[in-house]
Amino acid sequence: MGDDRVWDVLIIGGGAVGATLARALSRFHLDVALLEWQAEVAFGVSKANSGIVHSAMHASPDTLKGKLEYPGNLGWRQLHDELGFGLNNVGEVLVALDDEQLVRIEEIRQQGIRKGIPGTQAWTAERTLDAQPNLTREVKGAVWAPTACVFNPYEAVMLVADAARRNGVTIAEEQRVVGIDPPDAEDPDAPLTVRTETDVWRGRFVVNAAGLFADDIAEFAGVRDFKILPRKGEEYLLDKRLSGIVTSIIFPCPSPISKGTLVNPTVDGTIMVGPTAQTVDDKFDTSTTEEGAAQVFTNARKLVPTISERDIIAEFAGLRPVSDTEDFIVGPTDRRGFINAAGIQSPGLTGAPALADLLVDILADEGLELDEKDHWDPTAPHPVKFNQLPTEEQQALARRDPRYAHLICRCEIITEAEVRDAMDRGAHTLDGLKFRTRVGMGRCQGGFCTWGCMQLLAEHQGITIPEVTKRGTGTWIVCDRDDHPVTTARNGG
Amino acid sequence: MPITSQPRHLLSRYDVTVVGAGPAGLSAAVAAREQGAERILMVDRDPEPGGILLQCIHSGFGLHEFKQDVTGPEYAHLALERVIEQDVDVLTNTYVTDVTRDLRVKLMSPEAGISTLDTGSLVIATGARERTRAAIKIPGERPAGVMTAGLAQKMVNLHGYLPGRRAVILGSGDIGLIMARRLTLEGVQVLGVFELLPFASGLGRNVVQCLQDFDIPLHLSTTVVDIHGHQRVERIAVAPVDDDLVPQLDKSWDIECDTLLLSIGLIPDAELARQLQLNLDPRTGGPVVTSTMETSLPGVFAAGNNLHINDLADWVSQEARAAGAAAGDVALGRHRARQDVTVTPGRNVAYVVPHTLSTERSQTVSFRVKQPIYGDTMLHLGDAHKRKVRAVVPPEMVTMKVSPKLLDGFAGDTLRVDAIPVEEEES
Ligand SMILES: Cc1cc2nc3c(=O)[nH]c(=O)nc-3n(C[C@H](O)[C@H](O)[C@H](O)COP(=O)(O)OP(=O)(O)OC[C@H]3O[C@@H](n4cnc5c(N)ncnc54)[C@H](O)[C@@H]3O)c2cc1C
């Protein structure tokens, strides 16, 4: 930081890409730091998306994203076994509504077979409706791909970052990179100097995994060969009542430009519909719009006719960090030691674990020595999901630790012990707790649990209640009373 | 007085279990005991009994129930004294997480761990929750500083922190009105209360005592149309609405503030009701009940804001007394009164509770009107009964006492409740 320490690798950005890379590097004897702008990791694009580990048959094997998709899919499943975030192998049903689409989806299936995707099947209309009875009667047939999964992307990324930290990586949050010093003309091998708003970091290698802002970071390094054009996707979550209306991810037959509107179950049992795809100028524009909703629901009803706007319980929008080349931009640059992992649009989440392995290889090619640790631990204790356990197991936990019998969040049944565990793994804001444990995500939207969470956050960090934030600097929740003179009512009441 | 006396050991079977120790629960527990039920358990998730009353440090409570004007915590205390005189097991810091249809109750508390017990009857008195931003879909950014009025009340009154320095309040529900005054007294600038409807949704006395007396503007037929701020709220936009409640964006204006409080209504906390698969009334959001507040599952009763949203704690105590007494009767295996008359909301009536009446006992019918009538109004209970009142407004619950005599000859009928201006009646 402020000292002369030289890190082997500095990773800029704590999204899916940065976090999986940090963990992949943690198996070697290396000094690695991950610098994240936001208060916690996974608060960027990796938080607001469809949360699908794609089946891997869609993207062409001629593109980098197409190559990384399937190994990435396998990577997430392995990480799920090792770290225990929510992931459900629900499979994908790719639906054709006319004869032309039947041909197209079979082409996609064949592409999948060529890529080595196991288990795909061509389904008749009857077979399709048998599996998904709420689909439109218009369906002509479908492709079944058992490899697709849904997961909690933020929980996954947060646990992967935590696993990296357990194995020695420094995770530095609220570190917005604002500049990279020009190369030293005298000594081209000198480490790169990366400046954040508060600190200075020096690294032999710098990996640019800054998502939407990867073009700015590249500029800092003097690399000016691409632009990130944010492409907005709006997503709508439906009432739990509709849970089960579809049990797999329902895909329409894609158009040449987009995968289209999906209807899918989430890991938490709600139904999600979306996303839209609209290029926007503003990298902070995560507003949802009426046109977006109209488009999503019109399209979704073509697949599942009973879906309605009336059932929306939550909505959000994410921005895909699309590069002007349309593919991932991964590799070394003209600036020595500066490596890009940019333009990571969909299926970037899916591809991340494989991209991390690729980046490790690239770093090795560029001269990073990879000396494996003898005692690297790929696993970490899985977070307890108390509300999913049978009563006897809950009782056993509560006997061991009474904090398992202290509910913090009524709507989602989250206990004090789970909240404390999330804080031990790095959560230090209300949103951080929410995305890790689901406190405050239920019907009352935090009306009951906010105070309990604030108390625990304050106690855990040794800070005062007004210092507790929603998601870092500037997002305070309450303030101290002032010694204001007391205003009185006109009539003294 | 120590009011968190935990029972030394929990029984494995109770006659009556009351979930929630707000005014409804406190009153139901006493009534069940007075009815002769012996083993009574009252459970609350908070460290102290009293429910939401504990954060309502203003006065105006108890005029009916205790014949004195007291604050919320004082009201809770008075109600709790009645419980303590009786032999009721009170368990605080405890959640009821599950109840099965055969009335097996699962409890969680850090002191007692996780346990299950059986109960003869159950009174659900879990209160209400506040509607949130998600419920009304305010467009815009998602900064910190948007909070429900009830949560703000808890922060200020129970914990001593302020929700911000410059606040706007959306919705003119009672909690919002009370908080406008509270925050002003705490030195927070309250820039205005904005209400979508053409009339305030809180009690008239609160509009006068909390807004007018403090020169806080109330903007009717106006709503929040945008929220700005990446980190903390910086600015909101408000706009008048037309007759169809559609915002007129061309007439919007901005207000600089750091806080937006939402007082946009309460919804019965139907979590247990849903688990028990009780029939719910879409108009109230709470269970469908008989004249003794028994739900569609025999032995399960509902009382307080979890049945329908009340404007006064005093009404809650009274209604819950009927629920508690009947829960006691059921636990002791006594005869249930016949439920032989059905009531439904009619003209200008938003909802009616209870949903059935008995020709065997006296009961109170409570309802709310949809539109205010600021003149003589005739209330009808089908052809069984009518009564003239001076005015009716949506924020104020209307009640009618119904004796068995009035229902004579109406067994098997459905009675419609109407609230009609007297002049329209006569024409
Ligand atoms: C609506 C939508 C749906 C999607 N659905 C899917 C899907 O179902 N499956 C799938 O595989 N993919 C999906 N994607 C794509 C996927 O979300 C992204 O490809 C992936 O999350 C990108 O990860 P990342 O790590 O590159 O970016 P990010 O998660 O954005 O990480 C970059 C990080 O860098 C940080 N950062 C930025 N600037 C700086 C700076 N100056 N200093 C320090 N840190 C900085 C950011 O704060 C951020 O945390 C979807 C995308 C969207 C928008």
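A polar contact here is a pair of N or O atoms within 3.5 Å. Keep that cut-off in mind for the close-ups below, which all come from a predicted model.

Figure 1. An oxygen atom of the ligand is 3.1 Å from a polar backbone atom of Val17(A). As for cover, the protein hides 98% of the 1,000 Å² of accessible area that the ligand has on its own.

**Figure 2. Who stands around the ligand?** Count the residues around the ligand and you get 40, and the ones that come nearest are Glu36(A), Ser46(A), Ile52(A), Ile344(A) and Thr350(A). Sort the shell by type and you find 18 nonpolar residues, 18 polar ones and four charged ones. Some pieces of chain A supply at least two shell residues each: helix 1 (16–25), strand 13 (228–238), strand 18 (312–323) and helix 8 (348–365). At the level of domains, domain 1 and domain 3 of chain A each give the shell at least three residues.

Figure 3. Is Ser26(A) buried or exposed? Ser26(A) counts as buried because its relative accessible area is 1%, and the cut-off for buried is under 20%. Its side chain makes a polar contact of 2.9 Å with the side chain of Trp376(A). Beyond its neighbours within four places in sequence, Ser26(A) is in contact with Ala164(A), Asn167(A), Val169(A), Lys373(A) and Trp376(A).

**Figure 4. Domains 1 and 4 of chain A.** Chain A splits into four domains, including domain 1 (1–88 + 150–227 + 324–382) and domain 4 (386–467). Taken over C-alpha atoms, the centres of these two domains of chain A are 29 Å apart. Where they touch, 14 residues of domain 1 are in contact with eleven residues of domain 4.

**Figure 5. Domains 1 and 2 of chain B.** Now hop over to chain B, whose domains include domain 1 (13–129 + 267–336) and domain 2 (132–264). Between the centres of this pair in chain B, again over C-alpha atoms, there are 31 Å. Eight residues of domain 1 of chain B are in contact with eleven residues of domain 2 of chain B.

Terms used:
Residues numbered from 1 in each chain as written. Chains lettered and ligands numbered in written order. Predicted model: local features only at pLDDT ≥ 70, side-chain atom pairs only at ≥ 80, totals over all residues. Heavy atoms only, no water. Near = heavy atom within 4 Å. Polar contact = N/O pair within 3.5 Å; in protein donor to acceptor, adjacent residues only side chain to side chain. Areas by Shrake-Rupley, 256 points an atom, 1.4 Å probe, with all protein chains shown as cover. Helix = DSSP H or I, 4+ residues; strand = E, 2+ residues; numbered from the N terminus. Nonpolar A, V, L, I, M, F, W, Y, C, P; charged D, E, K, R; others polar. Domains from an automatic or database assignment. Buried < 20%, exposed > 50% of the residue type's maximum accessible area, 1.4 Å probe, protein only. Contact = heavy atoms within 4.5 Å.
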